[in-house]
Amino acid sequence: MSNETGRIETLLEIMARLRDPDGGCPWDLEQDFASIAPYTIEEAYEVADAIERGDMDDLKDELGDLLLQVVFHAQMAKEEGRFGFPDVVRAICEKMIRRHPHVFGDEEQRSAGAVKGRWEEIKAEEKAEKGKAPTSILDDVPLALPALARAIKLQNRAARVGFDWPDTSLVIDKLNEEMLELSAEVAKGGDADRLEDEMGDLLFVYANLARHMKVDPEAALRRANAKFRRRFGRIEEKLAADGRRPEDSTLEEMDALWNEAKAEERKR
């Protein structure tokens, strides 16, 4: 193995060694595409988290972890005789050139500049050439996406053909309607399926509202999660100063401490 670090060839050699039946790592050897996929998704989220925190050193490390996932999948595909890492690189290079004719095309294409919707047209042409032309404009929205992100993509696709609320106030009206339907189901003791169905409708409209307001709902929820973690941490700190834990206090006490933490943040 090369002693030179900082090169993609070295990373490929490391991955091949880990997957070598003769002296490789037992854990790496027992993995397959399905078992590694959750780690790939997790690493993508950790990249997003580093960006959200503005931690560039952490981002560097997390991008390396994400790159390793690509190399891992490519190595398994190579072992099966399907494709290798160079094929992955070649495919994305060709795709990016093909989908940016205003940058890489002939003089006429470059002078025309970027054309709105051309990216999607080229994607559709590519699928048609592969015999994968979708029967619905929603067909190629990946099922594996997080539900909230997939809701936004589905809504954006439908909006392209005019199936969308023309005004944000109408989305809010729909949100109130869905809230009333959920409340009614709760009041009558609806079963789990009905409650899940109504909650799903409500969350879908919340995603639509975020889209209309040009707010990334994933980013908004991450911010809310961080806020909750921060304020609850202050509750724990204040209780600890009194020699207690949350389970030793009442909801009223914790609620009062929450409000104190909230007020402290607003003063900053």
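Is Tyr39 buried, partly exposed or exposed? I looked it up: Tyr39 is partly exposed at a relative accessible area of 36% (buried is under 20%, exposed over 50%, partly exposed in between; 1.4 Å probe, protein chains only).

Ground rules for my notes: this is a predicted model, where local features need pLDDT of at least 70, side-chain atom pairs count only at pLDDT 80 or more, and totals for chains, interfaces and linings use all residues. Residues are numbered from 1 along each chain as its sequence is written, and side-chain values use heavy atoms, with hydrogens and water left out.

Next, aromatics. I paired rings of Phe, Tyr and Trp (its six-membered ring) with centres within 6.5 Å, calling planes under 30 degrees apart stacked, over 60 edge-to-face and the rest tilted. That rule gives three aromatic pairs. One is Trp27 with Tyr39, edge-to-face, at 5.7 Å centre to centre and 80 degrees between the planes. Trp27 sits in helix H2 (residues 26–29) and Tyr39 in helix H3 (residues 33–53), twelve residues apart (helices are DSSP runs of H or I, at least four residues, numbered from the N terminus). Trp27 is also partly exposed, at 38%.

I then checked Phe228 and Trp258: their planes are at 45 degrees, so the pair is tilted, with centres 5.5 Å apart.

Last, the cores. I took a nonpolar core as buried Ala, Val, Leu, Ile, Met, Phe, Trp, Tyr and Cys residues joined through side-chain atoms within 4.5 Å. The largest has eight residues, including Leu11, Ile36 and Phe85. Helix H4 (56–79) gives the most to this core, with four residues.

How values were computed:
Helix = DSSP H or I, 4+ residues; strand = E, 2+ residues; numbered from the N terminus.
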